[in-house]
Amino acid sequence: MQIMLLNKIVSGVRFLGQIILAVTVFAAPWCFGGIDPATQYYLFLGVIASLICGLVTLLLDRKNVFSFPTLLLPIFLILFLIGMQLRPYSMEMLAKHSPKAAELRQQLLPSPDSEEYQFTKAIFPETRSSADPAPTSIYPAATRHQLALFFLVLGVLVSAAILFQTRISVTGISIAVAFNGAFLALVGIITRISPSNSFLIYKANSGVYGTFLNRNNTAGYLGMCLGVILFLVFRAVFRSDRETEEIHRWDKRWERKYMTTQQWFAYQFTRFLTAGILNWGLFAVVIVASIFLSLSRGGILAMLTGLVIGFPAVFLTRRFKLPVLGLIVVGVCGAALVAWMGMGERVQKRLESIVMEQNNLRLTNWDNAMQTAKDFQWRGSGFGTYQYANLINDEIAANNHIAVRAENQYVEIFLDLGVIGFLLFFACLVMIITICIRLIRQHKDDELTALGGGMLILVLTQVIASLFDFGLYIVANAMLLALFCGICSVAVPEKNKREQSEKNDWKSSKTSLFSAFSFLSRIGMIGVACFFLVFLFWSQKNIGVLCAIGTAEKHLKEIGKFQDVKPDRLAKVITELETAIQKQPDLAIPLQQLGEAKIALYRLQMSRDLAALPDSELTANEAWNLTALSHIHNQISLFRRMNFSVPTQSIQNHPAVEEFLKPAFCDFIRSRQCHPIAIPPHYRIAEIIPILMKNKPVQKFEEEMIQRMTIVAPQSAQAWYRAGVLERNLGHQQQARSYWKKSLSLSQIYLRSITETLCEDLSVNYAETIFQETYPESPELYMRLLANYFPEKTSPQYFSVILNLFHNVVDSDTEIPQEERHYYRGRYYLLAKDYPHAIEELNKACIVRREQHEWRYYLATAYFNDKQYGKAKNEIQTALFYAPDNRMYQNYQKTILKNW
């Protein structure tokens, strides 16, 4: 009686754990893939609850058979590697384990015998030098956060391995995944048919799809759902085949000799089409159509590859022809559904772009990542630190963008974990594929063959998608993969499981319970469950801190412009953010935001006091501008260069400096030593130091900060622009212009700011030299200067100088193609009002590139100004032929026709 009650309790707890785990895994994709820390916090609760249920069943169910998961060994090794990345080492050991990490710390942090270190330590006693112990991870807080999410995923794997050991439970969770995936697919299809702005549905043209914020994530998730559905299809096919064989054995009417040819062909194509096969086939069609409509090129290729490899794998093993037919039916029906919705052309163009698209941004990203990975090849830069480490080589940073992900799982793992971590990660993939193949080859067990076939397709979609996209980076996709990896890792034939269960029965043989394999497996799994349970609680605590910080940051963003906010409100939000950060004081990015908020509070207090002085005539806006750190830094440097006493004592001695600016300085120091590979801390420290040091010489400190910014992000236009600003404030005008030239050669994003600052130093006598020192030799840039910044009407004295430089650049640049050289010469003559020569050069250019409608437009302009209205009309009509919707061309055509 007690045994029966115990069995019911165990069954109830196991079922409760299965439900909780299923709900947790299925909730993530409906919450934008589980990317928000607040969502992750509750996902941890679900995984913890399911793991507790699994642990209870392990302790109470003596008949529970558990084959220790083969995946756990490489996983434990990966965890060990990540743990070693967080362990502090002496500089000597760090240089041995990660020479690049040691080199960066020596370059980006002050040496222990430097004046900067002594000054900083006097203000902030916790200051670290370049000789202090440090981990191999360049940003430990990011590694710790990624590790917490990794524990969440592994918690799902362990819970699934414990809870889903019966055929009925595996089938049940697969059916649930099928329905969940079908609903997600339908929501995605809706976003393509009728874009909307509701909570779960986003505009289809913004790159998102369905309930995910990224179409690649959606395609990756639906690809796994397709693998699960195909497991159900295989299962139904095998069951139908087995039932048909039983009928044939007793009913001779189904033999070939008793049927006509038409009946036999009809029978061959319809005998397997049961209700179950048709239902799951319909689900598969919807999933396939949705993956196509996601317009994810990597997702579509991964799905097709998984189908092409997975179906024949089952076919060759079972000598069964229907999977090949099923592949054709599913693919054709899914493609037909896409065509029926009128989206076939968009899908076709998206797939053609794989080969035809000229944009090599993704290849550039991979190349940059591999260059960085070579520097951290053995230990890696740190789990989850890709976007920070890659800043050293990231060419995308030129336009103030950051490659957050490598868009290649293998490249990113290689960068984050090094050679050892990559090999361990690859071993996990090989192991799970081997498990799937082993299940397929269970010739006498249809259930396992079907499971192996479906799971092989599931895994292959992720293996292929990881080459192009980043589906597994988000929690929802990783959790679903972990769920079925856990199920597959303990899947054994029903006969073997029943035999082992009988051996473990107390009544049959007590000694068999303590057999070496059974005992060690049970003890090992209990230990694993306890291990992950402890770290899941630790991880949830870390995620909870991020939630609190995220809430405070949200309140900070809600303030809007700091200039218009009340100091008390800003101080309240600062206190909230500071309190949240105290629980994890090495979070560099929130520390930067905290420092910026304190600087704003300092400026608010200062500007209000300046405007309130009895003899002050400053407006609130003027007072606010005077308190800008860049302005103060500029004024201090100016007076020091002139050997005058600095008349900023009223600012430097103001109580707000001690109350707000000095704490902000400490926040940036903390941010720099936690994560030195970032531009803002070095820039802000350089601006604040002159105010805090008052009349002491600080130029050497500022020059070090400038050098550090260019080391951190040598491919960033922002780094070189800000370095130029600091150099100008120090009075190094020529050096500043050389930095700005480097910035403009990377990107023209700061062209306006640089030009406006440059105008303050311009004079007609030195204009040509200044322009040459500031602007790179780019014909397009010079044309932009002539059109927008130094036009002939408002700046005739500088227009002629730049026009002459433009002509020299066009003639001297040997890398310009000949037809482009003719085009630029034509533009030069057009600006110089030499219209016959402009017509000659532009005609030569257009002969080579007939489809260049912009060149045709300028040729029409040259003809028009030369009063050749007929030819101008012909050229503008040609331009409109190639660009019929161009409004500028249409208006210019009207102008030509009026004068013709």
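Guide: One term first: helices are DSSP runs of H or I with at least four residues, numbered from the N terminus. Please note that this is a predicted model.

Visitor: How many salt bridges does the structure hold?
Guide: The structure holds 22 salt bridges. One of them pairs Arg670 with Asp667, with 3.2 Å between the closest N and O atoms. Both residues belong to helix H28 and lie three residues apart, about one turn of the helix.

Visitor: Are Arg670 and Asp667 buried or exposed?
Guide: Both Arg670 and Asp667 are buried.

Visitor: What does Arg672 pair with?
Guide: Its side chain meets that of Glu116 in a salt bridge, at 3.1 Å from N to O. This pair links distant parts of the chain, 556 residues apart: Arg672 is in helix H28 and Glu116 in helix H6. Arg672 is buried, at 1% relative accessible area, and Glu116 is buried at 1% as well.

Visitor: And Arg752, which residue is its partner?
Guide: Arg752 forms a salt bridge with Glu756, at 3.8 Å from N to O. The two lie four residues apart in helix H33. Glu756 is partly exposed, at 48% relative accessibility.

Visitor: Which residues are joined into one network?
Guide: Salt bridges with shared partners connect Glu116, Arg672, Glu704 and Arg708.

Visitor: Changing topic: how many disulfides are found?
Guide: The search of the whole structure finds zero.

Note on methods. Residues numbered from 1 in each chain as written. Predicted model: local features only at pLDDT ≥ 70, side-chain atom pairs only at ≥ 80, totals over all residues. Heavy atoms only, no water. Disulfide = S-S within 2.5 Å. Salt bridge = Lys/Arg side-chain N within 4 Å of Asp/Glu carboxyl O. Buried < 20%, exposed > 50% of the residue type's maximum accessible area, 1.4 Å probe, protein only.
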